[in-house]
Amino acid sequence: MTETVRKIAASYDGVALVAPVTTPYSRFSDKGAQWFFGKALAALITSAGIEKAQIDGMAISSFTLAPDSIITLSQYFSLSPRWIEQVPLGGASGVIAMRRAARAIQMGDADIIACIGADTSKPEGFRDLVANFSTFAADAAYPYGAAGPNAAFALITQHYMDKFGATREDFGRICLSQRYNAQHYRHALIKKDLDMAGYLAARPIAGPLHMFDCVMPCAGAEGFLVMSVEKAKSLNLPYVVIAGAGELHNAYAHDPVQFRGGWREYADRMYQQAAMGPEDIDLLYTYDDYPVISMMQMEDLGFCDKGDGPRFVRETKMNFDADRLAGPTLVHNSSGGQLSGGQAGSAAGYMGLVEAIRQLTGAALGNQVANSKVALVSGYGMINYDRGLCSTAAILTRGDA
Amino acid sequence: MPHTPPPYRNDVALPLTEAAQENTFKLPVCAACQTVQYPPREICRRCLSDDLVWQPVSPRGTLLSQVDLHHSLEPYFRDHLPWPTGTVQLENGAVIICHLLNGHMATDSKVDMQAVIDPGGRGVLVAKPRGAKTISWNDVEQGRKS
C-alpha cells in the first residue's frame with residue numbers, strides 16, 4: 001500500500017473543552033429528541049455558569065430529531081447562533097463535532113459552541129431506523145434477515161475469529177470489565193453482576209454474538225462546550241485540550257470483510273502531533289458497539305499489533321480502578337461504554353468524549369480514575385451495508401488550570 | 001397468513017427481481033470501465049460513469065464468513081430461526097451479503113451465487129455450493145438446517 005503524503009494538521013492550541021454533561025438514559029422515552037437536546041443544553045449552561053444567549057455556536061447529532069434539525073432547534077430554544085453544524089455520523093459524531101468546533105473557535109467564527117448528541121427511543125423506532133438507514137442497507141442488508149447491524153457485525157466478528165484465533169472469552173474480557181466500570185458510574189443503565197460463565201451462557205443473537213456483545217438502544221444525551229482557553233479560564237472552568245486528532249473514512253474499502261479501520265492510517269501522525277505514544281495514554285475510550293470493534297481500535301491505534309488484540313485484552317487490566325503497579329493497565333471505557341451504559345443513538349458517539357473530559361477534570365460520577373492525565377477517544381460509525389465507514393480519534397490532556 | 005420477508009427495496013435494485021424471474025444472474029456493470037457494482041447504484045463506484053447496465057456476470061465466488069442469525073427484527077425470519085447468512089466475494093470483486101443454501105458450506109469454500117424470488121416476491125441472492133443445481137426459495141427455506 002502506498003503512503004499518501006499529507007500535511008500535518010495545524011495544532012488545536014488555544015481550544016478548551018469544558019462542561020461535560022450527560023442527560024440520564026432510559027430504555028424508552030415518550031419524550032422527543034428535542035427534549036433531550038433541551039435538557040443537555042440547560043445542563044451545559046448551568047454547568048458553565050453562562051447565559052443561554054452566550055452560546056453563539058452549536059453542533060448537534062441525532063437520528064430521531066427529523067424532521068427538525070440544527071436550524072429548527074435554534075428557534076425552538078430561542079438561540080441566535082452565528083455558527084451551526086449538524087454531524088449525522090453516529091458513533092463518529094462526537095470527535096467530528098469537536099474537531100469542527102475547535103477550528104471555528106480558533107478562527108473566531110464563534111465564542112462558545114455547544115456540542116450535543118441526543119436521541120429518544122421508541123419501542124418500534126429501532127426497526128424503522130435500521131430498515132431505512134441507507135439505500136445500501138435497504139437493498140442489500142435488510143432483506144437478508146438482518147437484525148439491524150447485528151448480522152453485519154456477526155460476520156465481521158466471525159471473520160476476525162477465523163483469521164486471528166480470537167475466542168468468545170477474549171471479547172468477554174472487554175464486556176466484563178466494562179460492566180464492572182458501569183457498576184461504579186452513576187448513569188449506566190445496566191449494572192447487574194456479570195461473570196464469564198454468565199457472559200458465555202447468554203442468549204445467542206447472531207453467530208458468535210450473544211446478548212452481552214450487543215448494545216441496548218436507549219434514549220439520552222451527551223454534551224460539552226468548546227471555547228477558547230482564555231474564555232475557560234475567565235469562567236473558572238476546568239478544561240481539557242486537544243493534543244492531536246485525526247479522522248479517515250471508508251478506509252481499506254477493498255478489504256472484503258472489515259478487520260481494520262482508518263485509525264491505522266493516521267495514528268502515527270496523531271501521536272506525533274501530540275508528541276506522545278500509546279504508552280502515554282492513561283484512559284482509552286473506544287466506540288464499543290461490539291467488542292470486536294473495540295479490539296480493532298486497540299490494534300489500529302497502536303496498543304498492540306493487528307491480530308494481537310486477544311492477547312492484549314488477556315494481559316491488560318482495563319477496570320477503572322486497576323492497580324497500575326500490578327501489571328499492564330489501560331483503563332478502557334471507564335463508564336462502562338455503550339455495552340453496559342446503553343446506546344443512546346447519536347449520544348453514543350459523544351459518550352467517550354464526555355466521560356474523558358469528566359475524568360481529566362476530576363469530575364467523574366462515581367468512577368474517578370486516579371492520576372489520569374491523557375485520554376484517547378476513538379470513534380467509529382455508520383454501518384452502511386457490511387461495515388462501519390467512519391473512523392475518528394483524538395488525544396486529550398488536562399488543561400493547566 | 002404467513003409472514004413474508006420485508007419488501008424494502010429502492011428502484012435502483014428492482015432489476016434484481018427481473019433477473020431472478022428470468023433465472024439469470026445479473027448485476028449492474030459499468031459500460032465505461034466494466035466494474036461490477038454491488039450493492040446496486042446509479043453511478044459507477046470506480047469511474048463515476050452513469051452508464052450502468054444490468055448484465056449477466058459470473059456467479060463464482062468464495063464464502064468468506066458465515067453465521068446463523070438467532071434473532072431478527074422481521075417476523076418472517078423470526079419464524080424461521082436460526083437463519084444462515086454469509087459474506088461472499090465474487091471473482092469479479094463484488095462483496096455480497098447473502099442467504100446461504102444451507103449451513104454446510106465451509107468458510108473459504110468456492111460457491112456459486114444465484115438470484116431467487118423470495119416469498120415477498122423480491123429477487124434476493126443465495127450462495128450455494130460450487131456446481132450445485134438451480135434452486136428455488138423452497139430449497140433455501142427447507143434446507144437451512146439440513
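This is a short tour of a predicted model, one selection at a time. Residues are numbered from 1 along each chain as its sequence is written, and chains are lettered from A in the order in which they are written. Local features need pLDDT of at least 70 and side-chain atom pairs pLDDT 80 or more, while totals for chains, interfaces and linings use all residues.

**Select chain A.** Colour by secondary structure: there are 14 helices and twelve strands (DSSP runs, H or I of at least four residues for helices, E of at least two for strands, numbered from the N terminus). The C-alpha atoms fill a box of roughly 55 × 45 × 45 Å along the principal axes. Of the 401 residues of chain A, 58% are buried (20 or more other C-beta atoms within 10 Å of a residue's own, with C-beta atoms placed from the backbone).

**Go inside.** The largest nonpolar core has 170 residues (buried Ala, Val, Leu, Ile, Met, Phe, Trp, Tyr and Cys joined through C-beta atoms within 7 Å). Pick V18(A), I113(A), L225(A) and V226(A), which have the most contacts inside this core. Contact means backbone-placed C-beta atoms within 7 Å. Now centre on V18(A). Beyond four places in sequence, its partners are A48(A), F224(A), L225(A), M227(A), A232(A), L237(A) and Y239(A).

**Move to the A–B contact.** Chain B gives 32 residues and chain A gives 30. On chain B, select β3 (60–69), β4 (83–90) and β5 (95–100), the elements that give two or more residues to this side. β3(B) has the largest share, six residues.

Conventions
Buried ≥ 20, exposed ≤ 12 C-beta atoms within 10 Å, placed from the backbone. Contact = placed C-beta atoms within 7 Å.
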